[in-house]
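Visitor: Could you walk me through this model, one question at a time?
Guide: Gladly; let's look at it together.

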Amino acid sequence: MKIKYNIVPCFIYIFMALLALICLLPIIHLVAKSFSGYNAVVSGSVAFLPKDFQLEVYDYVLHNGLFWNALKNSLFITIVGSFLSVTITVLAAYPLSRKDFKGRKFILLMYVFSMLFYGGTVPAYIVMQSLHLLNTVWAVIIPFLVVQFNLFVMKTGFEGVPEALEESARIDGAGTFTVFSRISLPLVTPTIATITLFYAVNYWNNYYHAMLFITKQSAKPLQLYLYELINSASMLSSENAFEATMNLPTSGMQAAAIVLGMLPVVFFYLIAQKYLITGMTIGSVKG
Amino acid sequence: MNRRTLKTNSSKSYFRNNWVLYLMSIPGLIYLIVYKFFPYYGLTLAFKDFDMFAGRNLLDSLTKSPFAGIKYFKELFLGSEFWLLLKNTLIISFYKLVFLFPLPIVIALLINEIKTISFKKCVQTIIYLPHFLSWVVISGVFFTLLSSSGVVNTLLESLGLDKINFLSNPENFRFLLVFTEGWKETGWSCVVYLSALTAIDPALYEAAEIDGANRLKRMLHISLPGLLSVIMMMLMMKIGNILQAGTDQILVMYNPAVYSVSDVLQTYIYRIGLGQMNFSLATAMGLFESVVGFILIICANSFSRKYFERSLW
């Protein structure tokens with residue numbers, strides 16, 4: 001009886017462990033490849049551990065001017081973009097969380113409508129061009145300045161602050177802004193952490209708007225640099241695999257660049273993920 | 001009259017006391033108007049013969065371009081290109097829906113059964129991770145894995161099997177799209193279901209256990225019904241977004257060899273709009289997508305609100 005009872009959980013544990021492996025192994029493979037020697041990479045014999053360990057490709061990538069420039073752009077976009085986004089989102093979400101805020105319904109409707117009805121790629125391009133923002137990092141920041149979903153998560157966060165707390169502060173003579181900054185803001189820190197993670201990851205990972213709005217090399221963010229690196233090599237050619245790999249000493253270099261490109265996100269995710277779950281739960285239940 | 005003055009007085013004092021709230025709303029509203037609403041004016045491009053050099057900048061040119069009526073919609077709907085794109089869009093969305101929609105539900109139910117907290121946390125952390133990687137990175141990861149000299153093909157070869165062309169063979173490409181989408185989003189999609197599961201009253205499970213229901217029965221008769229409304233809501237959301245077959249993903253992963261099976265509305269808009277500068281046609285197609293998408297999501301939401309008492313917003 002006892003054995004039978006244990007079969008089900010055992011199956012679940014094995015299944016979940018397999019699932020976690022499926023998520024991790026492709027990444028581990030890439031990391032292993034980035035540390036492996038030329039011959040091992042070319043012969044395709046690297047699995048999940050580096051073969052003929054070397055660091056030259058990292059050395060090469062890290063001494064590449066284009067990589068550094070792209071990294072610099074991405075850091076600027078992510079840090080400045082997230083800061084602006086979080087500030088604007090928090091400011092916009094607070095009034096919307098107050099039931100007595102006149103005009104609340106109308107403003108909410110505008111945000112929802114803008115989320116559901118997309119203005120289109122070409123009109124967005126025209127706006128960017130007319131604002132003289134093409135080929136600047138701002139072209140990649142502006143599209144995500146306020147992400148409606150994050151605004152709603154933030155609004156739900158503020159709605160979770162007990163009204164009695166704000167009320168008592170008001171009775172003590174605190175003005176609207178003091179109530180906001182001294183009472184509400186400290187209580188929604190986990191939600192702020194969550195949307196900061198969302199915004200930062202979004203900015204870091206965004207290549208789409210960079211593809212639309214940026215053609216100048218000096219303004220390209222890291223993801224666009226990586227995209228061009230991946231697609232410039234003849235990885236896709238299938239007819240003559242051997243020849244394709246021969247002109248691919250880049251394969252290891254690509255791997256190294258991709259690893260460097262995802263490292264900050266992984267790092268940031270691991271730090272912020274404990275807030276993430278609480279913040280997301282709030283957002284998704286009441287959404 | 002008296003009443004009226006009282007009302008204006010009270011709204012005056014309301015503004016005096018709460019002007020800060022309006023001040024706080026301003027940056028968001030400016031953004032909304034400039035970047036979200038202003039492009040709506042740009043949609044008139046679909047009804048105009050765009051002359052790029054008519055004005056000082058593109059916006060000015062847009063205003064000065066002559067009207068063309070529904071010329072570009074005719075071009076769109078009468079041409080064969082559009083129908084192929086629509087077909088690809090629907091097929092890719094449909095595959096993703098059928099193969100990927102049930103997965104997170106099953107996985108969330110299983111995670112919910114894990115009683116070892118540390119193992120549970122660890123699994124969750126790992127399976128959420130791919131969601132945070134960009135499509136560029138993911139395409140890099142899978143191209144490395146699946147290219148003709150990649151480890152998968154090397155393995156196949158050493159087993160005496162034929163190599164498989166995963167990346168540029170039209171027969172396999174949609175499979176690759178579905179698989180990588182699943183790899184990226186399945187774990188993260190569990191979050192919604194897991195949070196809905198925590199809302200189920202534990203007393204229900206205890207009562208069922210006393211009545212002799214085993215683990216599977218409890219899963220089927222308590223957990224699953226408890227999830228039903230969330231499942232339907234997520235399903236509605238997917239159906240509402242059916243015209244977005246995953247543009248971000250396809251744009252980084254496809255190549256001319258697989259255009260025939262993977263070119264969707266948005267990728268085509270990108271290529272003819274910004275690549276060939278055929279602004280009017282691209283806008284017409286974009287307008288079609290926006291309108292149909294809007295109708296779909298509104299219908300899906302009212303359906304969900306009516307039958308499952310859950311709204312997407």
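The questions and answers below go from the whole model to single residue pairs.

Visitor: What kind of model is this, and which ipTM does the predictor give the complex?
Guide: This is a predicted model, where local features need pLDDT of at least 70, side-chain atom pairs count only at pLDDT 80 or more, and totals for chains, interfaces and linings use all residues. Residues are numbered from 1 along each chain as its sequence is written, chains are lettered from A and ligands numbered from 1 in the order in which they are written, and side-chain values use heavy atoms, with hydrogens and water left out. For the complex, the predictor reports a pTM of 0.87 and an ipTM of 0.86.

Visitor: In which helix of chain B is confidence highest?
Guide: Here we use pLDDT, the predictor's confidence in each residue, from 0 to 100. Chain B has a mean of 86, and 96% of its residues reach 70 or more. By helix (a DSSP run of H or I, at least four residues, numbered from the N terminus), the lowest mean is 80, in H1 (residues 2–42) of chain B, and the highest is 93, in H4 (residues 80–100) of chain B.

Visitor: How many contacts beyond four places in sequence does the model have for residues 1–6 of chain B?
Guide: A contact means heavy atoms within 4.5 Å. Over residues 1–6 of chain B, pLDDT stays under 50. The number of such contacts there is 0.

Visitor: Is A:Glu166 buried or exposed?
Guide: A:Glu166 forms a salt bridge (a side-chain nitrogen of Lys or Arg within 4 Å of a carboxyl oxygen of Asp or Glu) with A:Arg170, their closest N and O atoms being 3.5 Å apart. Both lie in helix H9 (residues 163–171) of chain A, 4 residues apart, about one turn of the helix. A:Arg170 is partly exposed at 30% relative accessibility. With a relative accessible area of 8%, A:Glu166 is buried.

Visitor: How many residues apart in sequence are the parts that B:Lys96 and B:Glu181 tie together?
Guide: B:Lys96 and B:Glu181 form a salt bridge, with closest N and O atoms 3.4 Å apart. B:Lys96 lies in helix H4 of chain B and B:Glu181 in helix H9 (residues 170–198) of chain B, so the pair ties together parts whose separation in sequence is 85 residues.

Visitor: How many salt bridges does the rule find across the interface of chain A and chain B?
Guide: The contacts there involve 96 residues of chain A and 95 residues of chain B. The area buried between the chains (accessible area, 1.4 Å probe, that two parts lose on being put together, summed over both) is about 8,800 Å², with 75% from carbon and sulfur atoms. A search of the whole structure finds 14 salt bridges over all chains. Across this interface, the number is 0.

Terms used
Helices (H or I, at least four residues) and strands (E, at least two) are DSSP runs, numbered from the N terminus. Buried means under 20% relative accessible area, exposed over 50%, partly exposed in between (1.4 Å probe, protein chains only).
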